[in-house]
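Visitor: Please zoom in on one part of this model for me. I'd like a close look at how its charged side chains pair up.

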Amino acid sequence: MVDRPEVALDELYREVVLDHYRHPRGRAPLSRVDARAHGLNPVCGDEVHLHLSLDGDRITGVEVQGRGCAICTASGSMMAELIPGRSEAEAGVFAEAFRSVMHGKPAPPDVDLGDLEALEGVKKFPVRVKCALLPWVTLADALRAWRDGATEATTTTEIEEAKP
Ligand code: ZN
């Protein structure tokens, strides 16, 4: 367990992660919520309340609330920057690509993860991988509920064990 995971990240990336942690994006309440989900990572105590607004299958607004460690908060903030304006399918591609990176595999060459690349060093800490993936697992949950015609994912996500 690393108590201050940010110090384990490359110096270059640390500032990017800390900036997202200190000034998280996507905190403004949405005027309309079309899908929502609640994610919980009991190992760390991270909690994500995710609201989305959609126009057709396009994500027009992202609101990320909750309490989390630096890595979880930064990952959620980066997600709030990346996915507005994307289709539901494109958001899924980002989620899959980031999951690959966190599991030590390369992202597809045509996927630009933006600031998320700053979290790549987290893959060396399997416990922290859960923190980084939680906002994305919660996103998948919200979109799944939305596809099913529900406005709310009522299940709490207990994130799966990361494969070493
Ligand atoms: Zn965490």
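**Salt bridges up close**

Guide: There are eight salt bridges in the structure (Lys or Arg side-chain nitrogen within 4 Å of an Asp or Glu carboxyl oxygen). It's a predicted model, with pLDDT of at least 70 needed for local features and 80 or more for side-chain atom pairs, while totals for chains, interfaces and linings use all residues. Numbering starts from 1 along each chain as written, and side-chain values use heavy atoms, without hydrogens or water.

Let's start with Arg25 and Glu81, whose closest N and O atoms sit 3.1 Å apart in a salt bridge. Arg25 is in the loop between H1 and strand E1 (35-41), whereas Glu81 belongs to helix H2, so this pair ties together parts 56 residues apart in sequence (DSSP runs numbered from the N terminus: helices H or I, at least four residues; strands E, at least two). Arg25 is partly exposed, at 23% relative accessible area, and Glu81 is partly exposed too, at 42% (buried is under 20%, exposed over 50%, partly exposed in between; 1.4 Å probe, protein chains only).

Glu81 also turns up where the helices meet: Val16, Val17, His20 and Tyr21 of H1 contact Ala70, Thr73, Ala74, Ser77, Met78 and Glu81 of H2 (heavy atoms within 4.5 Å).

Elsewhere, Asp34 pairs with Arg32, with 2.7 Å between the closest N and O atoms, and Arg32 is partly exposed at 46%. Then there's Lys123 with Glu120, 2.9 Å from N to O; Lys123 is partly exposed at 33%, and Glu120 is likewise partly exposed at 34%.
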